[in-house]
Number of protein chains: 2
Amino acid sequence: MAWPAPASIGMRLDEVDTPALIVELDAFEHNLRALMDAVRASGVRVRPHAKTHKCPDIARQQIALGAVGVCCQKVSEAEALVDGGIDDVLITNEIVGDPKVERLAALARRARIGVCVDHPLQVEQLARAAAALQAEVDVYVELDVGQERCGVADANDVMALVAQVQSHPPLRFAGLQAYHGRAQHLREPSERERAIAHAQKVVTDCLKEFAVAGIGVPRITGAGTGTYPLEAASGVWNELQPGSYIFMDADYGRNRLEPAAPRFRNSLHVLSTVISDAGGRLILDAGLKAFSVDSGLPQAPDAPGWQFAKASDEHGVLTPASAAPALPITVGTKLRLIPGHCDPTVNLHDWFVGMRGGVVETLWPITARGALF
Amino acid sequence: MAWPAPASIGMRLDEVDTPALIVELDAFEHNLRALMDAVRASGVRVRPHAKTHKCPDIARQQIALGAVGVCCQKVSEAEALVDGGIDDVLITNEIVGDPKVERLAALARRARIGVCVDHPLQVEQLARAAAALQAEVDVYVELDVGQERCGVADANDVMALVAQVQSHPPLRFAGLQAYHGRAQHLREPSERERAIAHAQKVVTDCLKEFAVAGIGVPRITGAGTGTYPLEAASGVWNELQPGSYIFMDADYGRNRLEPAAPRFRNSLHVLSTVISDAGGRLILDAGLKAFSVDSGLPQAPDAPGWQFAKASDEHGVLTPASAAPALPITVGTKLRLIPGHCDPTVNLHDWFVGMRGGVVETLWPITARGALF
């Protein structure tokens, strides 16, 4: 069920029903442009990750600014994006199971679809489905460049997978997926540099095998909001996949940045209402079902002197952080929260409420919310 | 958007698409009956908490076994339950804001609806909406019995709220909400006993004020899966609100139980698929968007010798816990996970897949999934 939007266009912030996901459009648009400006000189393609927003309206804005398409993680996300008018989607994930690969192949008849592999069974299932539907699919072999999740570590295994892909004509070997997710949240620039230097060595070692075999590698794709300047400058990656830069979150806010790196702004808030003021604590109507706490509790910028102390299923608890603050906050007051982690928070909501100058300007449905399959 | 169900009736477990929420019906029905059997002798009413399941199909089964109705936390949850045929719903939460209380009042014309208050503004908004719609609403004053969240701590404040409620005829003073949420997960029976003894003292002290004022208190309602035997035996509470007992979760599994307490069984799993087998780790297609980690990582009972090491947005990582296990688990294998915390996990899915004897017997839509407002 898609719930009704928590706002109408023209409302003021204090009229928006809560909990609601608020996008500050000035900050959001700054972020969209800042990324493209930062990488333009490198000539590297940008394919932003739509797992962050799950929203074709946002994907279209990214493409309008020069992105070549978007990424996502699930076939159902790709379906929602293609349904929303996006015609170039890379699933940066391994897809297993005949029902899923059959949907993927069907989708590849409607749009350009890429997918990652790291095991022969995935290629086999994909080849069967693609052949049955006469669908061409871009296939990327995923390298484990330090993420320690999916991905192939051994160059011989990589070459064997490429040979398997090339033996099935409906599948096109499109390149290498080389994403180092763990590196994104390393706090110090020097730590991120070391991690991406390692990733780069894994990729370049692998490229030597391709050179020996005489096989071209059209695309080296990867990178996220924490490290993309490094991949952009590497001369190795030719496509970047940042997602969180559009919103930022409390966790990314803890990264120290290189002096020259663009500053993305927090553009995403969860708007909540104070529903109880018990003296010494403020209780909000937003909890574990309105934001994700896997990367820490939200921040409450509208309540200086208070800290977000605890989240239960439907409640947040603010307690005084320092001297008793004298703020006009009581039952009925609406407070914005900066979520600890934007991606799984967005997945809890059906709508983005886009605001400018304190007024609701737009409502975007999060059509891939809950897209698990 | 409600996504298609991940299964069809008659499928075997290994045919169910993943990630999916699986309900083992034998264990689930055992839990439904075990709770009613455990409290029957006390004569105390049972009003299970539907925030756990968000599903009218399950609420109907609870009521068929003798529950008087259900609880929930949000007006939109109550709407979904009433739409699904449930005619007695208590919102165990404070509802603030005219749009919400107007919907609540409208709902109270279709079903018996209760709600909690702990502040005069809530009563004022509710009274205005109820009068405008000529809707009768049951109003419970919430006591802070140790939960340190919502609730009134001072008996004078309680009596003032009751007087305010009684001054507005469409509002009926229905009793006291006395729920000690923090007590539910105290690990030792003696800790839970102390916590509920404290809650009981808060309630009985308050009841003395009601006796002095000559005001009857029809209902004392509260309790959860961790403490309900204590409230049932107290002679004070006359209604119980357990929710998690139907599914249980890894966190509740860490509670030590009194010898005489019934053993509820884990009936809820997240079914996942191994999508990558990188040697030394298994990567699952279920992560932070398929289960909640606020109360710890899931358990993986189908992979003895492996431990759930890490969750990212769309992936789970299993690593060997002890000696290298020799199990037939590889890419394509489906594994069940016991979520750390059932309530926010259910909120990530659109369907329960009910299974018996390894075969899909029923599909229940989670119609209040994402009901935030």
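Q: Which residue is the bridge partner of Asp88(B) in strand 5 of chain B?
A: The model is predicted: local features need pLDDT of at least 70 and side-chain atom pairs count only at pLDDT 80 or more, while totals for chains, interfaces and linings use all residues. Residues are numbered from 1 along each chain as its sequence is written, chains are lettered from A and ligands numbered from 1 in the order in which they are written. Helices (H or I, at least four residues) and strands (E, at least two) are DSSP runs, numbered from the N terminus. In strand 5 of chain B, Asp88(B) has as its bridge partner Arg112(B).

Q: How many bridges join strand 4 of chain B to strand 5 of chain B?
A: Two strands pair if DSSP finds at least two bridges between them. Strand 4 and strand 5 of chain B run parallel, and the bridges that join them number 5.

Q: Which strands of chain B stand at the edges of the sheet?
A: Chain B has an open sheet of 8 strands with parallel pairing, in the order 2-9-8-7-6-5-4-3. A strand with a single partner strand stands at the edge, so one side of it is left without a neighbour in the sheet; in chain B this holds for strand 2 (45–46) and strand 3 (70–72).

Q: Which residue does Gly222(A) have as its bridge partner in strand 9 of chain A?
A: The open sheet of chain A also has 8 strands, paired in parallel in the order 2-9-8-7-6-5-4-3. Within it, strand 8 (219–222) and strand 9 (239–240) of chain A pair over 2 bridges. In strand 9 of chain A, Gly222(A) is partnered by Leu240(A).

Q: Which strand gives the largest share of the side of chain B that touches chain A?
A: Two residues are in contact if their C-beta atoms, placed from the backbone, lie within 7 Å; on this basis 53 residues of chain B are in contact with 53 residues of chain A. Strand 4 (88–94), helix 5 (120–133), strand 10 (268–277) and helix 9 (342–346) of chain B each supply at least two residues of that side. The largest share, 4 residues, comes from strand 10 of chain B.

Q: How many Å separate the centres of the two domains of chain A?
A: An automatic or database domain assignment gives the domain bounds. Chain A is divided into domain 1 (13–20 + 264–365) and domain 2 (25–253). Taken over C-alpha atoms, the separation of their centres is 33 Å.

Q: Which strand gives the most to the side of domain 1 of chain A that touches domain 2 of chain A?
A: Each domain gives 23 residues to the contact. Helix 10 (342–346), strand 15 (351–356) and strand 16 (359–365) of chain A each give two or more residues to the side of domain 1. With 4 residues, the most comes from strand 15 of chain A.
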